[in-house]
Amino acid sequence: MARWLGALAGAILLALLPVLLGFQPYALYLLASAFLWASVASAWNLLAYAGQISFGHAAFFGLGAYAGALSSLAGLSPWGAVLLGGLAGAGGAALIGLASQRLRGAYLALATLAYAEVCRGIVLNWSDVTGGGAGLIGIPALPAMAWLPAPITRGRAAGYYAALAILLAVLVLFALILRSRVGLAWAAVREEEARASVLGLRPLPWKLLAFALSGAFTGLGGALYAHLVRVVEPDLVFNRYYSILPLVMATFGGLHTLLGPAAAAVGLFLLSELVLHPIDPALNQLGYALALILGVLYWPGGLMGLLGRRRRVHP
Amino acid sequence: MVGLLGPNGSGKSTLFDVLGGLLTPTAGEVWFRGERVTGRPPWVIGRLGLGRTFQIPRPFAGLSVLDSVLVGVTFRRRDRYRRTADRRREAERLLVLVGLGDKCGARATELSLGQMKRLELAMALSSRPSLLFLDELASGLSPRGREDVLLFYGRLRERGLTIFAIEHAFGVLARVADRMLVLDQGQIVADGPPAAVLASARVAEAYLGEEDP
């Protein structure tokens, strides 16, 4: 109960943060982007909890971005378009999971990387629909929330709260899953798939569920991103960063922990944008590189491990 | 209870893997409860009522001892929609049965070899099997540990389970098995009551090699 109350207090604080920041547009954009990365890192961690290591989350991000952009440009409400992006991410991820069902470990990771490149290639060449290399522009912005007090309707507030909502949703879902039979199935498949199968657990449906949920939240992030920057192109939204950085963030934050990946994502993103990039744009990725080295060589449990929280034993 | 003996590399554990669906045979068929199960995945055969342990324990390293048993209790075919509390109580009862009642919260990897073998047994029982494959429960254990395993064999028989057990030590199986099979290089070289099998020259040859002419 105390943990849930603490989480609620944290959520309320984050909801009030724009007020404390005076709704400064750049700050809201920065935080919205940080929360988007935190959502994608948490979504990646969710799939990793089920033992499926993905190098292809760019596929789900890009599918969500394009599905959201195309539907929004076709006249669907931007909020509906964002949800559709989530569905596209879920569907694409489930298909990739189904196609990769016989693969494990490094082979699975490489296959997801390949599928992400295939998706990028299709979008790049299907120019009649996707605009090809030029992409799509003029994606409608998220509508101002007219029913809220005036300051909320300005600038980046809608994007901030949408990104926060996606992040809280994935964290709450993960917390619930950890205490459910879904989490038990995922942990068993991750630890010893053959052993779990002998006990009557059929691995494939649980793996596909993990792919679909992870793809859904990543797709939501992609669709929201499309409506924040209002342009999509293959090299932007299918960029390998959306595959590699969530892995780095989750590893540095603490694999399989609830808050580690999200905390690491926010910290590393803000470090990159506020400290390293202003010093020299070439240093932009240095933080992520150092985080990966530290995580692999010295802190296998990530930040959560340093705080004394062991890699999660399924409760 | 049927015992399966054989020298190292004779194919005992491989036979279990084939029968249990972890390996697909290149020839022959596997039938279980009147159903052809050759090549069916392990979860199908597990749900039909086969439970097994592994020669080298394969615990769920990231799970607690209780949750390791909860997997089988939760995902077996029968009554899998019961409440969480009921499933946890059943898992705890199984752990008490194998003498691990005080280890529920421990990680599976914190157990000794003997305790891990008990956990293997509890996990095998968690799916409520009608046929139990036990792979070298007694190997690597002290004489006291082997006596405990004999006690478990007796208790399992009392529960009405059909048991197919692999052991290295003749003495362990001879005391509890109704029938013994001996495997050598993938072939059954003896099949019958324990006393007759143990007295067989062919069995001695399988273990000790041919006599010099």
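A residue is taken as buried if 20 or more other C-beta atoms lie within 10 Å of its own. By this criterion, buried residues account for 52% of the 315 residues of chain A, and 40% of the 213 residues of chain B count as buried. These values, like those that follow, refer to a predicted model.

For the complex, the predictor reports an ipTM of 0.89 together with a pTM of 0.91. Chain B has a mean pLDDT of 87, with 94% of its residues at 70 or more. Within chain B, confidence is highest in helix 3 (residues 65-75) of chain B, where the mean is 94. The lowest confidence in chain B falls in helix 9 (residues 201-208) of chain B, at a mean of 71. Where pLDDT is low, predicted coordinates should not be read in detail.

Chain A contains 16 helices and two strands. Its C-alpha atoms occupy a box of roughly 55 × 50 × 40 Å along the principal axes. Among the contacts in chain A with a separation of 6 or more, 78% are accounted for by residues 24 or more positions apart.

Two helix pairs illustrate the packing within chain A. In one of them, helix 2 (residues 25-49) of chain A packs against helix 13 (residues 241-253) of chain A, with axes 8 Å apart and an angle of about 75°. Angles of 65 to 115 degrees count as roughly perpendicular, and helix 2 of chain A and helix 13 of chain A are therefore roughly perpendicular to each other. From helix 2 of chain A, the residues that take part are A:Trp37, A:Val40, A:Ala41, A:Trp44, A:Asn45 and A:Ala48. They meet A:Tyr242, A:Leu245, A:Pro246, A:Leu247, A:Met249 and A:Ala250 in helix 13 of chain A. By class, the contact of helix 2 of chain A with helix 13 of chain A comprises eleven nonpolar residues, one polar residue and no charged residues.

The other pair consists of helix 14 (residues 260-279) of chain A and helix 15 (residues 286-297) of chain A, whose axes come within 9 Å and cross at roughly 140°. Helix 14 of chain A contributes A:Leu268, A:Leu271, A:Ser272 and A:Leu276 to the contact, and helix 15 of chain A contributes A:Leu286, A:Gly287, A:Tyr288 and A:Ala291. Six nonpolar and two polar residues, with no charged ones, make up the contact of helix 14 of chain A with helix 15 of chain A.

Chain B is built with nine helices and eight strands. Along the principal axes, the C-alpha trace of chain B spans about 65 × 40 × 30 Å. A compact globule with 213 residues would have a radius of gyration near 17 Å, and the 18 Å of chain B agrees with this. Of the contacts in chain B between residues at least 6 apart in sequence, 62% join residues at least 24 apart.

B:Leu15 is placed in helix 1 (residues 12-20) of chain B and counts as buried, with 22 C-beta neighbours inside 10 Å. The C-alpha atom of B:Leu15 is separated by 17 Å from that of B:Ala124, a residue 109 residues apart from B:Leu15 along the chain. B:Glu167 lies in the loop between strand 6 (162-166) and helix 7 (170-174) of chain B. With 25 C-beta neighbours inside 10 Å, B:Glu167 also counts as buried. Leaving aside residues up to four places away in sequence, B:Glu167 touches B:Gly3, B:Leu5, B:Glu136, B:Ala138, B:Ser139, B:Val172 and B:Leu173. The C-alpha atoms of B:Glu167 and B:Ala27 are separated by 26 Å, and the two residues are 140 residues apart along the chain.

At the interface between the chains, 20 residues of chain A are in contact with 26 residues of chain B. On the side of chain A that touches chain B, the elements giving two or more residues are helix 9 (181-191) and helix 10 (193-198) of chain A. Helix 9 of chain A provides the largest share of that side, with seven residues. By class, the side of chain A that touches chain B has ten nonpolar, three polar and seven charged residues.

Conventions. Residues numbered from 1 in each chain as written. Chains lettered and ligands numbered in written order. Predicted model: local features only at pLDDT ≥ 70, side-chain atom pairs only at ≥ 80, totals over all residues. pLDDT = per-residue confidence, 0-100. Helix = DSSP H or I, 4+ residues; strand = E, 2+ residues; numbered from the N terminus. Axes fitted to C-alpha atoms, helices over the stretch in contact; angles between N-to-C directions. Contact = placed C-beta atoms within 7 Å. Nonpolar A, V, L, I, M, F, W, Y, C, P; charged D, E, K, R; others polar. Buried ≥ 20, exposed ≤ 12 C-beta atoms within 10 Å, placed from the backbone. Parallel < 35°, antiparallel > 145°, perpendicular 65-115°, else oblique. Rg over C-alpha atoms; globule rule 2.2 N^0.38 Å.
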